[in-house]
Amino acid sequence: MQQLTLFISILSLFIPIFVSAGDGAFHVRGKLLCNGKPYENAEIELYEKNIIGKDTHLVTTNTTSLGFFSMKAAVSEWIGFSPNPYIHFANFCDPSNTIRSMQCAKTIKIFIPQEFVSDGHIPKMIFNIGDVELTKIETEKYGLEKFVYSIFSQKQCRDI
């Protein structure tokens with residue numbers, strides 16, 4: 001009987017971990033500028049960072065003619081893990097990265113701070129990145145990316 005009581009006591013300590021899957025909702029918005037002018041029609045993607053495997057794509061939008069964007073999503077993460085969302089886009093603001101008919105750009109990641117990730121499936125706060133001048137921004141690196149992207153840069157190219 002004592003073993004059963006001990007087992008139930010130990011199990012009850014872990015129940016909150018198993019019951020609380022990492023559900024999270026987030027809303028992010030901002031304005032992108034290129035040399036002080038609106039960075040219009042730029043594709044912005046919202047992802048959830050995964051520790052193992054490919055990151056989860058959640059939402060895609062484009063900036064308006066004034067450079068604004070707004071996006072929100074909700075995600076369920078593995079039990080015991082918290083969602084780690086970020087926005088991702090290619091920074092084509094620098095025209096010097098043009099090679100023949102291709103323009104290449106560094107990709108930018110901006111992580112949403114955990115205090116802006118709401119429990120559940122409805123965002124309770126908005127993470128406003130404000131006005132971001134693309135000539136002065138660098139990508140945020142997380143985990144293994146700090147090592148990998150110190151050796152390799154992540155670029156995206158397009159026809160011009």
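**View 1. Asparagine 41 sits in the loop between β2 and β3 (43-48).** This is a predicted model: local features need pLDDT of at least 70, side-chain atom pairs count only at pLDDT 80 or more, and totals for chains, interfaces and linings use all residues. Residues are numbered from 1 along each chain as its sequence is written, and side-chain values use heavy atoms, without hydrogens and water. Strands (E, at least two residues) and helices (H or I, at least four) are DSSP runs, numbered from the N terminus. Phi of asparagine 41 is near 60°, a positive value in a residue other than glycine. Most residues other than glycine have a negative phi. Asparagine 41 counts as exposed because its relative accessibility is 57%. Exposed means over 50% relative accessible area, buried under 20%, partly exposed in between (1.4 Å probe, protein chains only).

**View 2. Asparagine 35 lies in the loop between β1 (21-34) and β2 (37-38).** Its phi is positive, about 55°, although asparagine 35 is not a glycine. With 56% relative accessibility, asparagine 35 counts as exposed.

**View 3. Phenylalanine 81 is placed in the loop between β5 (68-79) and β6 (85-91).** Phenylalanine 81 has 40% relative accessibility, so it counts as partly exposed.

View 4. From the N terminus on, the elements run α-β-β-β-β-β-β-β-β-β-β-α-β. Of the 160 residues, 36% count as buried. Among contacts (heavy atoms within 4.5 Å) between residues at least 6 apart in sequence, 71% join residues at least 24 apart.
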